[in-house]
Amino acid sequence: MGFLNNINFKRLKEGLTKTRKKIFDNISEAVSGKAVLDETVLDEIEEILISGDIGLETSTKIIETTRNQLKNINDRTYENIISNLKLVMKNILLSSSNPDISNISKDKIAKYAPYVILVVGVNGAGKTTTIGKLANKFKLDGYSVLIGSADTFRAAANEQLDIWAKRANVQVIKRNPGADPSSVAYETLSYAKTNKIDIVIIDTAGRLHTKQNLMQELEKIKKVIKKVVIHAPNETLLVVDGNTGQNAIIQAREFTKFIEITGLVVTKLDGSAKGGVIFQICSELNIPVNFICVGETMEDLQSFIPELYVNALFN
Amino acid sequence: MLEDLTLKLDKALKKITGQGRISEQNIADSLREIRRVLLDADVNYKVAKQFIEDVKSRALGKEVLASVTPGQLITKIIYDELALLMGGRNAELSFNPSGITVILLVGLQGSGKTTFSAKLAKYLALKKRNVLLTAADVYRPAAVDQLKTLGSQIGVPVFSAEESKDAIKISADSIAYARENGFNTVIIDTAGRLHVDENLMDEIKAIKEKVKPTEILFVVDSMTGQDAVNSAKAFHDSVDFDGVVLTKLDGDTRGGCALSIKAVVNEPIKFVSMGEKPDSIELFHPERMAARILGKGDVVSLVEKAQQQIDSREAEDLEKKLLENKFDFDDFLKQIKMLKKMGSLKSLLGMIPGLGTKLKDSDIDDKQMIKVESIIQSMTIKERQNPKILNGSRRKRIARGSGNSIQDVNRLIKQFAEMQKMIKMFNSKSGKKMMNNYKNLRIN
């Protein structure tokens with residue numbers, strides 16, 4: 001639980017400030033001028049939600065739910081509208097029943113050791129960087145951590161992972177470019193087993209979800225690592241670039257068809273992008289957001305707490 | 001590529017097909033649907049709104065001529081608007097006629113700059129330019145290694161300074177190096193940066209001041225959502241880039257950000273990039289993209305791709321053989337190899353009009369081609385030239401040799417026989433007449 005007690009709220013808020021400013025300054029602009037909630041206000045809210053990549057369908061749902069709740073309430077002040085909207089949005093993010101890996105207990109890790117985390121995603125989402133930060137977090141929590149470099153495709157993937165591993169002070173198992181990613185994963189787990197490693201993180205090559213053969217490769221990795229560690233992978237994290245629009249939902253859907261995704265990591269939220277697609281991914285696919293990245297340093301990987309996220313957006 | 005958008009527009013347009021004149025009422029539903037389509041495609045909210053207004057004002061009151069349906073009319077209007085919005089023309093790279101052409105690549109993290117810089121280098125090298133790649137990403141771990149590896153794959157030298165953390169100096173030094181060593185083109189790969197990061201935006205401005213690029217290209221992930229307009233605008237305000245590169249178009253993104261960015265910064269989209277192989281780069285053609293969005297396919301791209309990859313002499317040979325009914329397994333194998341050079345089967349078929357939307361859920365497996373290849377390669381030369389001699393024991397041997405089942409072998413031989421029959425038919429008089437009819441067909 002170490003780093004959980006250590007959440008850098010300030011950084012999270014700083015990172016989200018631009019996001020917050022964008023969406024919710026606009027919302028307050030939209031609602032504060034009017035005492036009574038009318039259709040134009042809701043239309044304006046729709047624009048603001050959609051501009052935050054929440055998507056037309058989900059935005060419409062959020063607004064409908066809020067509107068229904070407000071029907072029975074006479075108090076339609078700005079504060080009340082916002083707190084209702086906030087509640088509706090928070091509930092969506094809390095709706096996933098999947099456990100949150102950032103919340104994992106020492107007992108659970110001890111029970112499974114090696115606890116295996118597979119990290120997947122499209123090209124350029126930020127998988128390797130996320131893994132570096134993740135390894136660092138777990139290491140600081142006092143676990144022994146091993147990384148498997150199963151991205152044998154991209155040029156210099158090994159080197160990049162090496163540098164992150166050095167920063168986090170953890171070991172990497174790697175093979176030459178072009179090697180079978182499954183075999184690297186296999187060797188990583190064998191090594192972890194012999195050396196009693198607590199947590200294994202496996203990096204994979206970026207793959208577009210439209211590439212059938214690459215997606216099947218994921219299935220194979222899963223099959224092969226099960227031969228060493230029957231419960232592997234304990235978690236499969238999908239890394240999504242926070243700049244991504246509605247395609248992120250399709251990515252999540254497609255990856256899910258080949259490998260069970262247990263959680264999301266949303267990266268690059270320190271820009272002006274809002275990452276609003278997570279609302280639909282949570283509600284439609286029951287995949288919770290486990291972590292968000294709000295910067296490039298080690299501390300910028302934050303455990304995702306829906307309440308905090310939505311509140312940070314509104315404050 | 002943009003099949004989803006096409007599918008939905010088709011659905012919306014069906015609603016107004018078969019009505020006499022376009023009115024506020026009969027177009028309302030369709031416009032709402034088009035708005036939904038655009039928003040789902042990540043077209044920026046405001047851009048989508050403007051687009052709908054434009055389409056509406058152009059469509060209202062239009063009398064539907066007897067020869068076209070309202071659907072076709074609206075399609076035409078949307079097509080024109082889309083093409084207009086995305087550029088209305090294609091814009092080529094400009095070169096420095098007297099000195100070194102410097103191309104500076106900028107963009108957010110993970111947009112695909114490094115991969116694209118190698119693709120661009122290969123593309124320009126093929127155009128007989130003497131290209132130097134500069135590794136000016138001093139932040140991302142192993143970014144320099146990545147570019148070096150890619151450079152050696154495509155045979156383009158990479159300028160780097162391992163110890164240096166000064167991207168401005170590296171960039172300037174690379175130009176000097178290029179001058180001394182006879183390069184006429186330098187492509188500078190810079191670090192990914194967020195448009196809100198003032199320090200890094202200052203750095204890119206400084207690089208621009210120092211090297212005075214001929215072209216600055218903004219590289220953007222085609223899956224980007226609503227915020228594309230913000231990052232594009234901020235980069236444009238800082239470095240006033242000359243063009244846009246859309247990457248990862250081989251995903252199923254609907255690429256709405258192409259519309260948005262063009263609308264906001266009014267710079268042309270110059271390249272689209274798909275796939276991880278160094279030759280998967282194409283010039284951007286707004287008309288084709290618009291046509292593609294509307295489900296009319298992209299035959300021109302397909303033809304160009306084919307021209308690039310197919311050896312014209314081999315093609316002539318093949319044509320001759322076809323005309324003489326001498327098409328054998330060896331020719332078939334050659335054909336498969338040519339096709340493979342052009343890219344994945346699915347991406348090729350996606351360019352064929354009318355097929356794009358239908359392919360969406362089908363599994364076209366490139367492995368099938370490999371299977372066919374392996375079977376043919378397990379045949380003797382005699383067997384390839386004269387498939388008639390393929391008896392049971394030969395087929396068994398081929399199956400074993402190629403690691404396929406005997407059924408697979410039988411199927412291929414049967415299909416090949418049918419193909420030969422078809423070729424014969426086309427060579428007959430009636431076949432030729434049929435082909436001529438095809439040539440005269442006009443595609444609306």
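**Figure 1. The contact between chain B and chain A in a predicted model.** The contact draws on 37 residues of chain B and 45 residues of chain A, where contact means heavy atoms within 4.5 Å. The size of an interface is often given as the accessible area lost when the parts come together. Here chain B and chain A bury about 3,300 Å² between them, with 53% of it on carbon and sulfur atoms; buried area is the accessible area (1.4 Å probe) that two parts lose on being put together, summed over both. The model is a predicted one, in which local features need pLDDT of at least 70 and side-chain atom pairs count only at pLDDT 80 or more, while totals for chains, interfaces and linings use all residues. Residues are numbered from 1 along each chain as its sequence is written, chains are lettered from A and ligands numbered from 1 in the order in which they are written, and side-chain values use heavy atoms, with hydrogens and water left out.

Figure 2. Four salt bridges are counted between chain B and chain A, a salt bridge being a side-chain nitrogen of Lys or Arg within 4 Å of a carboxyl oxygen of Asp or Glu. In the salt bridge of Lys274(A) with Asp227(B), the closest N and O atoms are 3.5 Å apart. Between chain B and chain A there are also 16 residue pairs in polar contact, both residues at pLDDT 80 or more; a polar contact is a pair of N or O atoms within 3.5 Å, where within protein one must be able to donate a hydrogen and the other to accept it, and residues adjacent in sequence count only if both atoms are side-chain atoms. On the side of chain B that touches chain A, α2 (24–40), α3 (45–59) and α6 (143–154) of chain B each supply at least two residues, helices (H or I, at least four residues) and strands (E, at least two) being DSSP runs numbered from the N terminus.

Figure 3. The side chains of Glu46(A) and Arg35(B) form a salt bridge with an N to O distance of 2.9 Å. This pair crosses between chains, from helix α2 of chain A, which holds Glu46(A), to helix α2 of chain B, which holds Arg35(B).

**Figure 4. The open sheet of chain A.** Eight strands of chain A form an open sheet in the order β3-β2-β4-β1-β5-β6-β7-β8, with mixed pairing; two strands pair if DSSP finds at least two bridges between them. Because β3 (171–173) and β8 (301–303) of chain A stand at the edges with a single partner strand each, one side of each is left without a neighbour in the sheet. Neighbouring strands of this sheet are turned by 25 degrees against each other on average, direction ignored. Strands β5 (residues 235–241) and β6 (residues 263–267) of chain A run parallel and are joined by five bridges, and Val240(A) has Val266(A) in β6(A) as its bridge partner. Helix α7 (residues 157–168) of chain A packs on the sheet, where it touches β2 (145–150), β3 and β4 (199–204) of chain A, and its direction makes about 170 degrees with that of β2(A); axes are lines fitted to C-alpha atoms, for helices over the stretch in contact, and angles run from 0 to 180 degrees between N-to-C directions.

**Figure 5. The open sheet of chain B.** The open sheet of chain B has eight strands in the order β3-β2-β4-β1-β5-β6-β7-β8, and the pairing is mixed. Strands β1 (residues 101–107) and β4 (residues 185–190) of chain B run parallel and are joined by five bridges. Helix α8 (residues 198–211) of chain B lies across β1, β4 and β5 (215–221) of chain B, running at about 175 degrees to β1(B).
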